[in-house]
Each structure stands twice: as C-alpha cells, then as structure tokens.
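Work through the exercises below with the model open. Try each task before reading its solution.

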Amino acid sequence: MSVTIAPIAVAERRPRTTLRERIQEFVPKLVLAPSFLLVLIFVYGFNLWTVFLSFTNSRAFTSFTLVGLANYEKLWTWTFESDPPSSWYTAIVNIGIFGGLYIVFCLALGLTLAILLDQKIRGEGILRPIYLYPLALSFIVTGTAWKLFLDPGIGLEKAVHDFGWTSFKFDWVVNPRMMIYCVAIAGIWQTSGFVMAMFLAGLRGVDGEILKAAQIDGASSYATYRRIVIPIMRPVFLSAIIVLAHMAIKSYDLVLSVTGKNPGGAAELPSTFMYSYTFTRNQMAVGSTSAVIMLMTIAAIMVPYLYSELREKHR
Amino acid sequence: MSAADLVTAPPRRFHSGHSVITRVVIYGMLLFFAIIYLVPLLVMVMASLKPLSEVTGGNMFALPKSPTFAPWIRAWGEAAIGVSDTAGISGYFMNSIKMVVPAVVISTLLGALNGYVLTKWRFAGHKLVFGMMLFACFIPFQSVIIPMAVILGLLGQIGNQLTDITGFAFGFGNPTVNLVLCHVVYGLGFTTLFFRNYYEAFPTELVKAAMIDGAGFFQIFRRILLPNSTPIIIVTVIYQFTNIWNDFLFGSTFAAGDQSPITVALNNLVNTSTGVVEYNVNMAAAIIAAAPTLFVYVVAGRYFVRGLMAGAVKG
C-alpha cells in the first residue's frame with residue numbers, strides 16, 4: 001500500500017498539560033461508545049428480550065406472564081407432528097432440503113467454475129462478472145425473475161413445448177410439494193458466484209512451486225487438483241460452508257418472492273414461520289421461541305468460526 | 001495481496017497447455033454456465049419490452065416482435081401497487097433513496113471512526129468489543145424484530161405527543177427514519193469490520209509521529225487516516241448501499257403502504273391478487289428495482305467483490 005501523508009498543520013510544541021492528556025485518553029472511548037452502546041442495546045439487549053418473550057405467553061402483544069418452557073415443548077412436539085404436518089415440521093424439513101441443496105450445489109458449482117476459470121483462459125474478465133452479477137440483485141428481484149422463468153404457463157415449460165417437446169412437464173413453482181426446490185434453484189443461482197469468487201481467491205493463493213513440483217513429478221491436472229489443490233483449500237471450504245449455512249437459515253425474502261407469498265405455508269422455513277406466527281397468527285411467544293432457535297443455530301455456527309478467525313489474526 | 005485482489009488479478013500461468021479438446025470442453029462449459037446465469041435476466045428484459053399478449057401467448061425466449069416501452073412507463077408511474085393509492089413504483093424508488101443515502105453515510109462514518117479507535121487507540125478489551133460488534137453482523141433479524149417493533153411503536157407515540165404539543169414529530173415515528181435507524185445499527189458491525197481490517201495494515205508509526213507532533217485524535221483521523229481511506233470507503237459504501245437497497249425484512253415490517261421501500265413495493269406489485277397479472281409490467285418494475293445496484297456493480301465491480309470477500313473471509 002502506498003501511503004501519502006496529507007500535511008499536518010505544524011502545531012507548535014508546547015508542553016502537554018495533564019488535562020489535555022487525560023481528555024485525549026477519553027476521546028477514543030467516547031467516539032466508540034455510541035456505536036457499542038447501540039450494538040449492546042439493539043443486538044444483545046433485543047436478543048435477550050426475545051429470549052425472555054419465548055418464556056412468556058405473549059400473543060398479539062407482549063406479556064410478562066412466564067410459562068416456563070411451554071413454548072419450547074410446543075415446538076418440540078410439533079417437530080414430530082408429521083401427519084398432517086405442523087408448520088414447524090414443514091419448516092424443519094424444508095430448511096433441511098433447502099439448506100442441503102443450497103450448500104452442496106453452491107459449493108459444487110462454485111468450485112467447478114473457479115477451477116475452469118483458473119485454466120489460463122481468455123476472456124476471464126468478461127466471464128467472471130457474469131457469474132457474479134446475481135449477487136447485486138435483491139432476493140425479491142431474483143425471486144420475481146425465477147417465478148416467471150419457471151411458470152409452467154408462460155415460462156420454461158411453455159417454451160420447451162413450443163420447441164417441439166410437448167410432453168415436457170415442469171410445474172414445480174406452482175406445485176406446493178416442489179416449491180421449496182424452486183427456492184433452492186433461485187438461491188443457488190444467486191449465490192454460487194460468490195462461492196466461485198471465494199474458491200478462485202483460494203486457488204490463486206496456492207503456492208505455485210508446489211504445483212510445479214507436482215507437474216514435474218508427472219501428476220495429471222486432475223490428480224493435482226484432487227490430491228494437492230483441494231486439500232490445501234480446506235479452510236476455504238470451511239468458510240464457504242459456514243457463510244452459506246448462515247445465509248440459508250436467514251433466507252426469507254427469496255421464499256416469499258419465488259413462491260408468491262408462500263401459499264398455504266408449503267415452502268415454510270423457520271424464518272417465515274417466525275414471521276407468520278408473530279405478526280399474522282398472533283402467537284408472539286411461539287414466534288420468539290422459533291427466533292431463539294434460529295439465533296442459537298447461527299451462534300453455534302458463527303461463534304467458533306469468528307473466534308478462530310480473530311485469534312488467527314493476532315498470533 | 002488481499003483475497004479479493006487474488007480474484008480480480010490476472011491468473012498465474014502454471015499449467016502446461018491443455019490439448020485442443022480439453023480447451024474446447026473448458027470453454028464450452030464456461031459459456032454454458034455464462035448463458036445459464038444470464039438467461040433469467042435476458043428473459044426478464046425481453047418480457048418487459050413485450051406487450052402482455054406476447055408474454056402470455058408467446059415463447060419467453062423469443063425476441064419481442066413489437067417492442068414497446070409501455071410496460072416500463074406503466075411500472076414507473078401507473079401500475080396499482082397493493083391497496084395503496086400511489087400509482088407506479090416511482091414514489092417507492094424515492095423512498096428507498098431517502099432511506100439509503102443517510103443510512104450509508106452514517107454507518108460508513110461510524111464504521112471508520114470505530115475502525116480507527118479499534119486499531120490505533122487500543123484499550124483493554126478492544127478485542128472483546130470488536131468480537132461483539134462482529135457477531136452482530138450475523139444474527140438473524142428475526143431475533144430482534146419483535147423488540148424493534150415495540151421500540152419503534154414507542155417512538156411513534158412520542159412522535160404523536162410531540163406533534164400535539166409542537167406541531168412537529170421531529171422524525172419520531174417516521175418510517176424512513178426508523179429504517180435508517182435499523183440499517184445503521186445492524187450495518188455497524190460490517191462497516192467497523194471493513195475499516196478495522198483496513199486500518200490494521202495502516203502504519204501505526206505515522207499515527208505515533210503525528211501524536212508526538214501534537215496532533216489530536218480527530219486531527220490524525222482527518223489528516224492522515226481519511227485521505228488514505230478512499231478504497232475502503234468505496235468498498236464500504238457499495239456494500240452498505242447494496243445491502244440496504246436490497247433489504248426486504250425491515251422494510252416490510254416497519255414501513256407500510258406509501259412509505260415502503262422499493263423491494264416491498266415490487267413484492268406487492270408482483271403478488272397482487274386482483275385483476276390480470278401484467279407480467280411485462282412486473283418485469284419492468286423488477287429491473288427498475290435492480291437498476292441502482294446493478295449499475296454500481298457494473299461500474300465498480302472490483303470494489304463490490306472486495307466488499308463481499310471482506311464480509312466473508314476476514315483478512
């Protein structure tokens with residue numbers, strides 16, 4: 001990094017008073033304090049508040065009557081209520097399907113694209129931005145586009161019929177049982193470029209000498225990647241999986257826009273479950289309980305990761 | 001070299017040349033994926049330029065036979081959105097701008113100051129403070145949204161009282177102000193992270209030298225740090241702009257009707273249950289909603305990628 005120093009007004013050197021020094025010592029903390037206070041209140045305070053609500057019988061309005069673990073027991077029972085499935089059961093199954101597909105396909109696509117892009121190809125500067133642009137879109141726009149694209153009446157199914165394959169059928173986006181897969185498709189389309197960028201950075205960080213040595217030893221490209229490059233990139237896999245998992249849990253807008261406001265709760269996820277129980281079904285306590293479960297899951301993923309990242313930096 | 005620089009830097013040439021067939025396969029796959037990533041956007045653009053009959057009756061991959069800008073004009077100024085009286089999405093577009101500009105400016109400025117304090121004016125416990133702010137980036141908003149609703153409700157009541165007394169609400173209860181508050185608070189973690197990592201690499205000796213010369217806390221920040229912060233300011237502004245513009249959850253919860261940001265208006269427009277679905281108008285609206293962030297991506301893609309990577313892999 002090149003550093004240019006703007007001229008500082010040359011202050012005449014006067015002996016610093018203790019008062020000045022003392023103020024000087026306080027200023028940085030004073031500057032940081034409002035931000036930290038905001039975070040303390042709006043993040044940690046609010047989280048605790050939500051935890052508190054999950055132990056009350058709050059419905060449309062917050063209540064202070066404690067009911068112990070009743071809400072957690074409710075969600076626990078619902079977890080196994082499969083026939084007819086409770087909304088929570090659907091949400092759990094769906095987050096499994098959506099999260100699993102989302103993580104696996106984003107990793108697979110991201111790694112494939114990164115390896116392909118790293119093969120001394122021409123036009124990388126044009127191709128790479130194409131894989132990345134969906135990230136600039138909002139999930140609502142992505143969902144709107146995919147809803148039209150997959151609509152059997154005017155989208156993909158109709159187009160394939162027009163091309164002559166008339167028995168082709170693809171109605172997932174309007175089929176309640178398959179909707180969640182369409183959400184996954186749109187999500188993968190949106191995020192896989194990001195994973196590609198992470199892997200590409202990883203690939204380009206691999207020491208060239210190791211690769212040269214492998215080549216001299218006569219290893220094929222495939223073997224080099226399989227045996228050397230991919231194992232070296234293990235930390236990138238870890239980062240990518242953690243980032244994707246936390247994005248999957250937080251997915252909310254995408255479900256609403258791909259499915260058209262989640263009709264009948266067919267594509268329910270914990271995030272939409274929380275919202276509908278809190279704001280439309282007036283069961284705020286149950287809603288907060290599901291929010292606490294989401295928070296705990298994300299904390300279980302992120303806290304160890306952030307802890308190790310912060311430690312590594314200051315070894 | 002940072003992770004993002006590795007992505008955007010030209011590839012290192014370590015492989016021996018692939019055979020012609022391998023090259024063809026590599027380019028073929030890359031092009032295939034490029035088309036997959038581009039097609040939803042292209043279909044969206046084409047649908048927005050067709051009359052409705054051509055969208056519902058024709059092939060979505062076909063070029064518009066009689067291109068028209070009418071859907072764009074309708075989307076911008078005429079289309080009915082939900083039950084609101086405001087016609088077209090132009091008003092909501094302005095709502096988003098009014099929300100994004102202050103939120104980005106405030107959160108970036110606070111992030112810069114926080115990053116400065118956390119690297120150049122360290123105090124006991126600085127790591128814990130940073131860790132707590134960092135975790136705040138990753139919480140699911142579901143776990144803070146109920147307390148936020150309660151607090152914003154209170155602010156609204158204060159606003160009403162103030163209006164009764166003075167005739168002005170002073171921003172209390174104003175949906176745009178509320179959303180700015182949300183986005184500043186929950187964006188602080190990221191902006192602090194960006195500036196902290198950037199200033200970490202900034203030579204502390206320069207700061208020390210300035211201190212000896214008698215420069216104060218703010219003088220050092222303004223004269224030494226800020227003039228050298230242009231790249232990270234661009235990265236942070238782009239990252240915050242994209243995230244806040246694309247937000248849906250806060251917008252849909254805390255701003256109703258005419259005050260909604262564009263993402264919420266788009267979702268209401270697309271999922272309206274009354275009348276004929278005007279797919280072409282919906283697509284035009286979606287492109288308008290995506291235009292600002294896409295534009296930023298096109299003109300400053302490098303910085304966009306850097307922000308993404310910095311938000312995922314610290315370092």
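The model is predicted: local features need pLDDT of at least 70, side-chain atom pairs count only at pLDDT 80 or more, and totals for chains, interfaces and linings use all residues. Residues are numbered from 1 along each chain as its sequence is written, with chains lettered from A and ligands numbered from 1 in the order written.

**Exercise 1.** Describe the side of chain B that touches chain A.

Step 1. Count the residues in contact (C-beta atoms, placed from the backbone, within 7 Å). Chain B gives 96 residues and chain A gives 97 residues.

Step 2. Find the largest share on chain B. Helix H2 (residues 20-48) of chain B supplies it, with 13 residues. Helices here are DSSP runs of H or I, at least four residues, numbered from the N terminus.

Step 3. Sort by class. This side of chain B has 69 nonpolar, 21 polar and six charged residues. Ala, Val, Leu, Ile, Met, Phe, Trp, Tyr, Cys and Pro count as nonpolar, Asp, Glu, Lys and Arg as charged, and the others, Gly among them, as polar.

**Exercise 2.** Characterise the packing of H5(B) and H11(B).

Step 1. Take the axes, which are lines fitted to C-alpha atoms over the stretch in contact, with angles from 0 to 180 degrees between N-to-C directions. Helix H5 (residues 90-120) of chain B and helix H11 (residues 230-246) of chain B pack at about 140°, axes 9 Å apart.

Step 2. Classify the angle. H5(B) and H11(B) are therefore oblique to each other. Oblique covers what is left after under 35 degrees (roughly parallel), over 145 (roughly antiparallel) and 65 to 115 (roughly perpendicular).

Step 3. Sort the contact residues. They divide into nine nonpolar, six polar and no charged.

**Exercise 3.** Which residue classes make up the contact of H3(A) with H10(A)?

Step 1. Locate the pair. Helix H3 (residues 87-117) and helix H10 (residues 234-250), both of chain A, have axes that come within 10 Å and cross at roughly 145°.

Step 2. Sort the contact. It has twelve nonpolar, two polar and no charged residues.

Definitions and conventions. Two residues are in contact if their C-beta atoms, placed from the backbone, lie within 7 Å. Helices (H or I, at least four residues) and strands (E, at least two) are DSSP runs, numbered from the N terminus.
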